[in-house]
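Please look through the sequence and the model below.

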Amino acid sequence: MCGIIGYTGNLDAKEVLLKGLSQLEYRGYDSAGIALEDGKGDVSLYKQVGQVANLKEVCQNAGIPLSHCGIGHTRWATHGGVTEQNAHPHQAGKVTLIHNGIIENYHELTDTYHLQGQLVSETDTEVAAQVIDHFYDGDPLKAIHSALEVLKGSFAFCILFADIPERIYCVRNVSPLVAAMSEQGAFVASDLTALISYSSSYFIVPEYHIMVMEKDHITLLDEQNQPVKPEMLEVNWDVESAQKGGYPFYMLKEIHEQPEAIRKTVLPRIKDGLPDFEQEQIPDSLFRNCQNIAIVACGTAMYAGMVGKALMEPMLRIPVSVNIASEFRYEQPLADEKTLVIVISQSGETIDTLAALRLAKNLGAPVLSVVNVKGSTIARESDYVLYTHAGPEIAVASTKAYAVQLASMYLIACRMSFVRGRYTVQEGKAFIENLLSCVPAIEKILEQTDEIEKAAHHIKAASDTYFIGRGLDYAYSLEGALKLKEISYIHAEAYAAGELKHGTIALIEENTPVVAFATQSHVFQKTISNIREVRARGAYVILITKESAEIPEGICDIHFTVDAKNDQFTGLPTVVILQLLAYYTSLSKGLDVDKPRNLAKSVTVE
Ligand code: F6R
């Protein structure tokens with residue numbers, strides 16, 4: 001949610017910022033802007049509505065003088081519409097600033113500091129700039145500290161002060177900021193993707209610490225203005241993995257990276273054929289002692305949790321709940337020290353998930369997080385972390401991160417079953433063999449995309465689509481519907497197949513696409529009956545079953561199969577079909593697959 005970058009050093013700052021903004025664009029792309037400082041304290045602003053490409057074009061033709069220090073921002077609008085005025089950077093007096101987050105008390109601050117009539121935008125960010133400028137009397141640290149006392153909300157700020165050339169001040173609360181120092185200068189950004197081409201080591205700016213960036217060094221100051229040593233981390237991604245590598249869109253590349261991502265996530269955790277979390281220091285007592293499990297997450301990560309529940313409850317015979325993080329955090333959840341809270345997040349920065357995690361810890365529950373981004377806030381604040389190894393996921397629609405979240409659900413379910421005496425060694429080993437067989441099953445799907453493309457051409461004309469299934473199939477259908485709606489803008493609703501006739505079936509008419517899942521043997525015939533019901537009302541049925549399933553003549557218009565011996569393991573290949581269906585539908589509508597409207601990759605505001 002909003003991408004921010006700052007640079008001071010010996011390179012051309014404009015180039016560093018524009019390149020960084022392109023890499024961060026998945027975080028928001030309503031508008032973009034940069035501020036360049038001329039080495040004497042004069043700051044020039046360049047802003048454009050729309051994608052970073054528009055800003056690049058303007059900057060390329062503007063004859064901008066060389067600058068070695070600047071800040072840049074790509075926006076996901078929260079307060080105020082998508083206009084040039086509302087685009088960042090914002091200026092007030094001597095202060096130029098970019099912001100990711102939300103200043104919750106900006107109305108109140110507008111009154112307190114009599115800002116009415118002075119503001120040129122509708123943003124909370126401009127109010128923050130005004131407040132910092134209000135306190136500024138030549139001492140940036142004092143001004144920032146004073147502002148921090150009155151600003152409420154989440155923020156990551158990069159600030160230029162007009163009379164302090166070549167220096168950038170940064171501070172954050174909740175919203176992420178990572179920084180790196182190299183021979184070329186000092187860099188700060190919302191996330192690593194913009195830094196990895198400059199440095200392989202970085203650090204996370206601690207909350208409420210002020211970071212002062214100069215071209216040859218970075219100073220980190222704690223809340224008492226005492227210098228502290230940053231905790232350096234090593235990047236575990238390479239530059240190539242954050243680029244398109246010949247694919248037309250990141251999403252397609254990431255779909256194809258799933259077999260490798262699953263292997264990387266699963267294989268290092270297998271010892272003697274069973275899942276083993278010794279390296280992660282996740283003790284078996286965590287799994288043995290809990291009486292129930294609460295999975296907490298948002299969006300796709302939450303749907304991975306739905307698969308986790310459908311897997312775990314029958315295996316473990318303890319209650320497993322799946323909670324939407326934004327609900328969990330405000331609805332007095334039932335969790336205590338006997339509840340194992342499993343938090344799932346690709347970015348590790350989703351604000352609702354983070355707040356839910358903090359609440360769970362306050363309630364005394366041990367928290368195990370399944371996170372993709374190393375060193376992210378959720379990972380750092382959890383009691384235990386199981387990192388997924390998807391590498392950087394750039395497309396806004398999550399694909400490979402979901403796949404490895406599912407893989408992690410399998411690993412946890414298996415280890416827990418074993419530890420709790422519900423699985424023998426033999427059963428555990430067979431489970432893991434089945435899990436690994438999902439990799440060739442996915443590869444098989446990736447080799448035959450023509451039929452999926454055909455199905456997409458049928459879907460693209462529809463205004464409504466339905467995804468139906470029972471049990472695990474219902475959990476997959478939720479993710480399938482989300483993928484389709486977010487990148488093709490076609491209404492897609494997932495329904496438990498047996499529930500359809502209690503209302504929603506009224507919406508089925510001639511040619512309405514229904515994606516039906518029947519990979520679960522124990523409810524296969526029941527689902528087939530539900531498909532007959534929609535078919536009788538004219539639905540165009542795309543059916544997914546196991547290869548071994550025998551389907552009645554004429555039950556569907558298109559039939560896809562997945563190679564799985566065991567019903568528990570149909571999810572990974574099935575979901576790849578759904579991802580490709582969404583991808584090709586979006587593509588055939590001529591949409592920007594990687595940057596769907598209104599969305600941003602990492603949701604760091606409420
Ligand atoms: C959808 C998607 C989102 C995220 C959700 C949680 O394709 O990507 O629904 O899954 O915003 O994000 P993380 O996993 O970063 O917490």
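Is Asp-557 buried, partly exposed or exposed? With a relative accessible area of 38%, Asp-557 is partly exposed; here buried means under 20% relative accessible area, exposed over 50%, and partly exposed in between (1.4 Å probe, protein chains only). This is a predicted model, in which local features need pLDDT of at least 70 and side-chain atom pairs count only at pLDDT 80 or more, while totals for chains, interfaces and linings use all residues. Residues are numbered from 1 along each chain as its sequence is written, and side-chain values use heavy atoms, with hydrogens and water left out.

Asp-557 forms a salt bridge with the side chain of Arg-535 (2.8 Å, N to O). A salt bridge is a side-chain nitrogen of Lys or Arg within 4 Å of a carboxyl oxygen of Asp or Glu. Arg-535 is in helix α18 (residues 524-535) and Asp-557 in the loop between β25 (540-546) and β26 (558-562), so the pair ties together parts that are 22 residues apart in sequence. Helices (H or I, at least four residues) and strands (E, at least two) are DSSP runs, numbered from the N terminus. Arg-535 is partly exposed, at 25% relative accessibility.

A salt bridge also joins the side chains of Glu-381 and Arg-358 (2.6 Å, N to O). Glu-381 belongs to helix α12 (residues 377-381) and Arg-358 to helix α11 (residues 351-362), 23 residues apart. Glu-381 has a relative accessible area of 22% and is partly exposed.

Glu-280 and Arg-269 are both buried, and their side chains meet in a salt bridge (2.7 Å, N to O). In total, the structure holds 25 salt bridges.
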